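Let's take a walk through a structure together. Have a look around first, and then we'll go through some of its parts.

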Amino acid sequence: MSQKVYLDHNATTPLHPEVKNVLIEAMECFGNPSSLHEFGRKALKFVTQAREDIASFIGATGEEIVFVGSGSEANNTVLNMVACPSKHCCAFKKGPTRIVTTKIEHPCVFETAKCLRDRGIDVVFIDVDKYGKIDTKQLQDILAEGASLVSVMMANNEIGTIQDIKTICGMAHKAGALFHTDAVQAVGKIPIDVRVLDVDFLTLSAHKVYGPKGIGALYTKKSIPFCPFIRGGHQEKGRRAGTENTLGIMGLSKAIEMRRKEMVTEDKRLKDLKAILKKGIEEKILDIQVNGHPDDCLAGTLNVSFKGAEGEAVLLYLDMEGIAISTGSACASGSLDPSHVLLATGVGAELAHGSVRMSLGRDTTKEDIAYVLEVLPRVIDKVRSMSTAYKK
Amino acid sequence: MNDWVYTEKVKEHFVHPKNIFKEDEGFVSDGEGMVGNIKCGDQMMMLIQVDKDKNIIADCRWKTYGCASAIASTSVLSEMIKGMTLTQAFAVTPKEIMKELGSLPEHKIHCSVLGDKALRAAINDYYEKSGMTDKIKKEEAKIICQCMNVTDHEIEDAVLEGARTYLELQERTKLGTVCGECKDEAEKLLAGYIQKHFN
C-alpha cells in the first residue's frame with residue numbers, strides 16, 4: 001500500500017487504541033442510566049465515574065460537567081442561554097444583553113453570534129492582530145460599555161494561536177460579564193485548570209483528542225445559573241435533555257485519561273516535528289508565509305500560505321499522494337470567501353486562498369514529515385507552474 | 001484512490017492538464033484573454049493561435065489560478081476548441097464544457113464559466129490586434145435591478161452557482177430587495193438561464 005500521512009488532526013483524530021477497546025466493552029453496557037434496575041444502575045455508575053474523571057482533568061467537579069452531543073452544541077448552548085429573551089430565564093438580565101466575541105471563532109460560535117445579532121441582540125466581534133491574538137485594548141473599550149457574555153476561543157483551529165484566557169476572563173469579570181471559552185482545540189493539548197482560569201463556561205470535545213465523535217462536554221461553573229438548549233428531560237440535572245450517550249461518555253473519559261498520560265511528552269515531540277516541517281518548507285519553497293503566533297501556538301498546528309498556489313488544488317494533489325491536509329481556500333469550502341480567520345489576521349484574500357493547514361498528532365512520525373517535505377515542494381511547483389498568479 | 005469528489009474525466013484533466021502555457025516554450029499567441037480575479041480565488045488566461053486562412057483556432061495555451069475543476073475545465077476546453085472556427089469557439093457555453101467533463105459539483109460551475117469567458121476575451125483580443133474591430137462582440141451587461149445595480153450577467157452567474165428560485169436569487173444578488181420593480185423581468189431571466197444551463 002502506498003504511504004498515507006494524516007495531517008488533519010484539528011479536523012478530527014483517529015481513535016486511540018485504548019479508547020477503541022473501551023468502546024467495544026462499553027457496547028455491552030446498554031442500560032439507561034435513569035433506570036432504577038441493575039442495568040440502569042450499572043450504566044449510571046460508569047457515567048458518574050466518567051464525569052468525575054473528566055472534571056478532575058480540568059480542575060472541576062463532576063456536577064459542573066454537562067455532557068452534550070458535540071462541541072458545537074456546547075457553544076450554541078452558551079450563546080443562546082445568554083441571549084434567551086424570556087424574562088423568567090436565568091439571572092443574566094441585569095441589563096441589555098450584549099455578547100462580545102472575536103473575529104476568529106469557530107463557525108459554531110461565529111455563525112451563532114451572527115444569527116443572534118440578526119435576532120436583535122447586540123453582538124461585538126473583537127479584532128485580532130497579525131498573529132491572531134485578540135486586541136485587548138479594543139476589548140477593554142468595548143467592555144467599558146458593558147457586556148453580558150464574553151466568548152473567546154482558547155486555541156484557534158486554523159492557525160493554532162493560543163489566547164491568554166486568564167487575563168481576558170479577568171477583564172470580562174471586572175466588567176460584570178460572564179466568560180466562556182471554546183477549548184475544543186486546547187483540552188488535552190495544553191494544561192487547563194478552570195479554577196485558575198476562573199472561566200464560567202468551557203467547551204470540550206472527544207473526537208479532537210482521539211475519542212469518539214458525537215460527544216462533548218460543557219463545563220459550567222457551579223454558581224452559574226443554567227438555561228438548557230435541549231429541553232424536556234431530567235438528565236444532566238435538567239441542563240441537557242436526552243438519554244445519556246453512555247458509549248460516547250465512556251470513550252471521552254478514556255480519551256481524557258490517555259491525554260493525562262501522553263499530553264506532556266507528545267507536546268514536546270510534536271513541537272520538534274513541527275519545527276522540522278516548518279524549517280523544511282521554508283528552505284525548500286519560496287514565497288511562503290507562516291501564519292499564527294510563533295510561540296503561543298498549538299504544538300501540532302502549522303498554517304502556511306503559498307503565493308500563487310490555490311489551496312484546493314494543493315489539497316487534492318497532496319491527497320493523490322496519500323497526504324491529508326486542509327485549506328483555507330474558498331473553493332474547498334463551497335463558499336466564495338476564504339478563511340475568515342486568516343482574513344481577520346490581515347492575510348490578504350489572495351494569500352488566504354493559497355493557505356494550507358497541517359495539523360500533526362500522536363500518530364505522526366518523522367518519516368511522515370520527511371515524506372511531506374519530499375512531496376509538497378513538487379506539488380506547489382506544479383500548481384504554481386500553471387498559475388496566472390505566480391511568476392518565478 | 002476511489003470516491004473522488006470529481007468525475008474520472010475531471011481527475012484525468014486535473015492530474016494531466018493539457019496545453020498549459022510554459023514560459024520557455026516560445027508559444028506566440030495571436031490573441032490573449034484574462035478574466036477573473038485572484039482575490040475571488042479564480043483567474044484564467046487563454047492564449048490562442050489563429051490559422052488566418054481558415055479562420056480557425058490552430059492551437060492554444062492557458063494558465064489558471066483556481067481549484068481542481070477550474071484546472072480541469074480549462075484543460076478540457078483547450079482540447080475542444082482546437083480546429084474550431086472563431087465563430088464556433090466564441091459560442092462555446094459552460095454547458096458544453098460540463099458535458100465534455102461529465103459533470104461538476106453545482107457550486108463549482110462558476111469556475112468553468114471562466115474558461116469560455118477567457119476564450120471569448122482572447123478571440124476579441126485577436127480581432128482587435130488584427131484590425132477587425134467590427135467583429136468584436138462585447139459582452140454588454142444589462143442592468144436589471146436599478147436599485148441594487150444587478151445585471152443579467154450576475155443573474156446568470158447566480159444561477160450557475162446554484163440559485164433556482166427567486167428567493168435564492170435575491171439571497172445571492174440582493175436583487176429586487178428595494179423597490180421590487182424588477183421582479184417579473186428577473187423571474188423570466190431566471191427561468192431562461194435555468195433552461196439554458198440545466199435543462
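This is a predicted model: local features need pLDDT of at least 70, side-chain atom pairs count only at pLDDT 80 or more; totals for chains, interfaces and linings use all residues.

## Two residues with positive phi

Let's stay with A:Lys237 for a moment. You'll find A:Lys237 in the loop between strand S8 (216–220) and helix H8 (246–284) of chain A. Its backbone has something to notice too: phi of A:Lys237 is near 55°, a positive value in a residue that isn't glycine. For background, most residues other than glycine have a negative phi.

A:Asp287 is another case, with a positive phi near 55° in a residue other than glycine. Look for A:Asp287 in the loop between H8 and strand S9 (288–291) of chain A. How exposed is A:Asp287? With 16 other C-beta atoms within 10 Å, A:Asp287 is partly exposed.

## A buried asparagine

Now go to the loop between strand S5 (149–151) and helix H6 (165–174) of chain A, where A:Asn156 sits. Is A:Asn156 buried or exposed? A:Asn156 has 31 C-beta neighbours inside 10 Å, so A:Asn156 counts as buried, the cut-off for that being 20 or more.

Which residues does A:Asn156 touch, leaving aside its neighbours within four places in sequence? Its contacts are A:Ile104, A:Gly132, A:Thr161, A:Gln185 and A:Val341.

## Two helix pairs

Here's a bit of background before the helices: a packed pair is described by the angle between the two axes and the distance between them. Start with helix H3 (residues 71–83) and helix H4 (residues 107–118) of chain A, whose axes come within 9 Å and cross at roughly 25°. That angle is under 35 degrees, so H3(A) is roughly parallel to H4(A). The crossing of H3(A) and H4(A) is right-handed. On the H3(A) side, the contact uses A:Gly71, A:Ser72, A:Asn75, A:Asn76, A:Leu79 and A:Ala83. H4(A) brings A:Cys108, A:Val109, A:Thr112, A:Ala113 and A:Leu116. Sorted by class, the contact of H3(A) with H4(A) has six nonpolar residues, five polar and no charged.

Next, hop over to chain B. The axes of helix H6 (residues 152–160) and helix H7 (residues 166–173) of chain B come within 10 Å and cross at roughly 110°. That falls in the 65 to 115 range, so H6(B) and H7(B) are roughly perpendicular to each other. This crossing of H6(B) and H7(B) is right-handed. B:Glu154, B:Ile155 and B:Ala158 of H6(B) meet B:Leu169, B:Arg172 and B:Thr173 of H7(B). In the contact of H6(B) with H7(B), three residues are nonpolar, one is polar and two are charged.

## Domains in each chain

Time to zoom out. Chain A is split into domain 1 (5–12 + 263–385) and domain 2 (17–258). The C-alpha centres of these two domains of chain A are 28 Å apart. Where they meet, 22 residues of domain 1 of chain A are in contact with 24 residues of domain 2 of chain A. On the domain 1 side, strand S10 (301–306) and helix H11 (340–344) of chain A are the elements that give two or more residues. H11(A) gives the most to that side, with four residues. By class, the domain 1 side has seven nonpolar, 12 polar and three charged residues.

Chain B is also divided, into domain 1 (8–135) and domain 2 (143–198). Their centres, taken over C-alpha atoms, are separated by 27 Å.

## Where the chains meet

Finally, how many residues does each chain bring to the contact between chain A and chain B? Chain A gives 19 residues and chain B gives 21 residues. On the chain A side, helix H9 (311–320), helix H10 (330–333) and helix H12 (349–353) each supply at least two residues. The largest share of that side comes from H9(A), with four residues. Sort the chain A side by class and you get 10 nonpolar, six polar and three charged residues.

Notes. Residues are numbered from 1 along each chain as its sequence is written. Chains are lettered from A and ligands numbered from 1 in the order in which they are written. Two residues are in contact if their C-beta atoms, placed from the backbone, lie within 7 Å. Ala, Val, Leu, Ile, Met, Phe, Trp, Tyr, Cys and Pro count as nonpolar, Asp, Glu, Lys and Arg as charged, and the others, Gly among them, as polar. Domain bounds come from an automatic or database domain assignment. Axes are lines fitted to C-alpha atoms, for helices over the stretch in contact, and angles run from 0 to 180 degrees between N-to-C directions. Angles under 35 degrees count as roughly parallel, over 145 as roughly antiparallel, 65 to 115 as roughly perpendicular and the rest as oblique. A crossing is left-handed if the near helix is turned anticlockwise from the far one by less than a right angle, and right-handed if clockwise. A residue is buried if 20 or more other C-beta atoms lie within 10 Å of its own, exposed if 12 or fewer, and partly exposed in between; C-beta atoms are placed from the backbone.
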